[in-house]
Structures are given as C-alpha cells and as structure tokens.
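Student: I should like to work through a protein model with you, one question at a time. May we begin once the structure is in view?

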Amino acid sequence: LTPRQITGGADLAVTRATGAFADASGLHGRFSSELTLSEIKQLAVAFTKEGAALGSASISGPFDALKQEGKLKVRVTGIGSELLSLVGGRFSISFGGTRLAADCDIELKDNARFITTTGSITGESFSVERAGLKTPTVDFKLSCDATLDLPRTNAAIRAFTLDATQSGRPLLTGKLTKDMLLDWSQGAQGAAESAFTLNLTELNLADWKPFVGDSVDSGTVNGQLDINVQNAGRLVAFVLGAKLAGLTGQVGGNRIDQADLAVTLRGQLTEFDRLDLSALALDVSRQGRVVSALKGSGSFVSSTSDAVLQADLTASLASLSELRGRSDVSLSAGTATFTGKAAQTNLAPAQTVSPSFDQTLAGKLEIAGLSGVFASNRFDRFDISSALDVSVKNNLAEIRKCAVSVRQIGRAH
C-alpha cells in the first residue's frame, strides 16, 4: 500500500531555559508537511518567540518519490542566536546579533545518483561570545555551483566563492579561478587544470579571544593558500604562506613579547593516497633579529602508513631567552642546531590487521658557546653535543647510538 499524500504537523515549545541556553527561553517551533508522490508542496519548520518570527527552513518543488528525481528549492531565513544557542549552549557559546540564511536549488536525476546544486549561504553580524569574550561582527557569503555524478564517480565544482568582511574591510576571501573536476575512478586523466586561492587579511588575534584564549594580547595574521588541481584531482599541489606579526601574550607559562612568525608549506597529494611535503619552514624573529629557523620535509602514504619526516632547526639561545622574558633564566650567548629524521615502513602492506612496522628515529643536537645565568648559577662557554639513533622492528627496540658530551674551554666532562 503506497500513500498518495502525506499531510501533518508538530509543535515544539521551550518554556524555560537558563544559562548559555537562555536565548532559547519561550521559543516555539512549528513543523508542517504536505507531500504527494510527485511533489513536495511543503516541508517546513518555522520558529517564533512571543509572536515574533525568528527564522524558518523549507523544502519544496516537484519530486518523484519512486524515481528519486526532482527539482527542489531549499530556503533558510532569519536564523539567529535564539536558535543557534541550542547548538552552542552546551559549549557556553552565544551568537549575539547573528543572522544566517541560505538559498539553494537542488536537482536530482537517475535515482538521485546525479545531483546538481547551486546556492549560497549568508551571514550578517556574525559574532561569538564565550566566557565574557566577544568577537567582532563579520558579514559573509558563500556561493557554490557543483555536480555529483555517482555512476561516473566524479564531482564537478563550477563555481565557489567566499567573501567575509569585518567592519567593511576584506577579512577572508576565496575563489575558484577555473572549474574543478574531482574523479576518484581508476585511470582518470586529461582533465584541465583548476585553481583555488584563499586569502586572510589583517586578522587581529586580540579580537578573536573566544577562539584563541585570553592569553593573547596582540598579533596580526596575514596568509594565502593556493591549491592547484590536475588530472581530475589525482594530483593536488598546494602552497601556504602566512605571517604573524607582533605576537604578545602568555604561552605555556612563558611571556612572549613582540614575536614575528613566518610559515611556509609546500607539497602535493597524489592519487588521493600519497602526501609529500617538499618544503616546510617556520621562522621566528623579534625586532628584525632571527630567533629560530625550522626547515623540514616529509611524506605519508595512506594505503600503507609509510611515513618519513626530516627536520633541521637553528636557534639563537640569547634571542630566545629574551623573547621568553623569564627573570630566572638569562642566556647571553649560544647557538643550538638540531638535525633529525623519523621514518616508518610497513613490512607487510597487504596485511590490514595488526600491521608490522620498521620504525626509526635518529637525531643530533649541538649547542655551542652557551653562556648565561640560571637562577643563581652562572655558566660560561659550554658546548653540548648529543646524538640518538633508535629503531623498533617486530616489537623489538634497538638503541644503535646514544651519546652526550659537555665541554668547557676544551675540557670534557
């Protein structure tokens, strides 16, 4: 027996809410539906509070329930803090004067195996408040035009844009410069290149304490992410560059004062399986002087869990001591260098249960010319050298090398 029409409704009332859920007190929701075998005339939920409309969501349009085909209109309007508190309340988060809306067209064909969607999501006066800390208000719009073709195992993104502004100025912008095809079938080749760029402009960390915590006093972030997709997604190259200027705050019990950080990350994902990081760099400086420089590279294969990570670090200990600002430690000279490598090789890639790995860890740390004061103890021109080489295979660990040496003015200790 197949029903020809379904009509119904339901009501929800929040009579009392306190604490982080207080905005939801007095909230009333009304669900209504009217469907036939060929059309969704109405599938909607509307919220009110003391007679005032607070937001609604609806789906309507022709839809063949037996063939799973149709053209549907999805609309969301006026969603604000009264409704969002139902989600954020458990995390003690409120959303101020936020208003969210969405407008989307969805077309389904071939038993919903071919889906096309176009639409947008907008946010007005979006802000978050937590533990007495509130973010600035942000307006944003996200637009997308995409197709999912399950029989051909691919997805096409024809348009994707993101624009977010704070006080009328650009904060976060993203744009797909060419159509993007993602194909996870075997042997997909020949698709044109596509590219996506995301820019972050003048993000003041002090404005976003609900997310970064109240230990950060200042710091401004700028960054850009470039993604290039080739061969229908089987080769994805990415470059990330970001700078954090004027970082001041309390980090792990240490006071950081006016630090500048620069991050560069370059790599690629091949065949949805292998991730290669060809370049990783993290530079820390203060007042134009280099505090530390980290460089690295690595790879990871998802199908086998094979991994390699290499890193080289150089640090000025005197500049690092000045940056941390601890009164009980004062280093006047010294340079630290570290070189290390960690690797993991799957000895039986075909074995998915309880795999066996050959894991190695090797590194060398050199500290030259270390001088300074720790508490009431003074030390002068110490050289420290250490090396470690360890492997684990078949649940057996082997320490191939473990050495430490300390020298002062040519004397070994």
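Student: What is the relative accessibility of Arg 381, and is this residue buried, partly exposed or exposed?

Tutor: This is a predicted model. Arg 381 lies in strand E24, residues 377-393. Buried requires under 20% relative accessible area and exposed over 50%, with partly exposed in between. Arg 381 therefore counts as partly exposed, at a relative accessibility of 48%.

Student: Where is Phe 272 placed, and what is its phi?

Tutor: Phe 272 belongs to the loop between E18 and E19. Although Phe 272 is not a glycine, its phi is positive, at about 55°.

Student: Is Arg 234 buried or exposed, and which backbone oxygen does its side chain reach?

Tutor: Arg 234 sits in the loop between strand E16 (216-230) and strand E17 (235-251). Its relative accessible area is 7%, so Arg 234 is buried. At 3.1 Å, the side chain of Arg 234 reaches the backbone oxygen of Asp 183.

Student: Which residues of helix H3 are buried?

Tutor: Helix H3 spans residues 317-324. The buried residues in H3 are Leu 317, Ser 319, Ser 321 and Leu 323.

Student: Which strands are included in what covers the buried residues of H3?

Tutor: The cover includes strand E18 (254-270), strand E19 (274-286) and strand E20 (289-301). It also includes strand E21 (306-316), strand E22 (329-346) and strand E23 (357-374).

Student: Where in the protein chain is confidence lowest, and where is it highest?

Tutor: Across the protein chain, the mean pLDDT is 89, and 95% of the residues reach 70 or more. Where pLDDT is low, the predicted coordinates should not be read in detail. Confidence is lowest in strand E26 (residues 411-412), at a mean of 51, and highest in E21, at 96.

Terms used: Residues numbered from 1 in each chain as written. Predicted model: local features only at pLDDT ≥ 70, side-chain atom pairs only at ≥ 80, totals over all residues. Heavy atoms only, no water. Buried < 20%, exposed > 50% of the residue type's maximum accessible area, 1.4 Å probe, protein only. Helix = DSSP H or I, 4+ residues; strand = E, 2+ residues; numbered from the N terminus. Contact = heavy atoms within 4.5 Å. pLDDT = per-residue confidence, 0-100. Polar contact = N/O pair within 3.5 Å; in protein donor to acceptor, adjacent residues only side chain to side chain.
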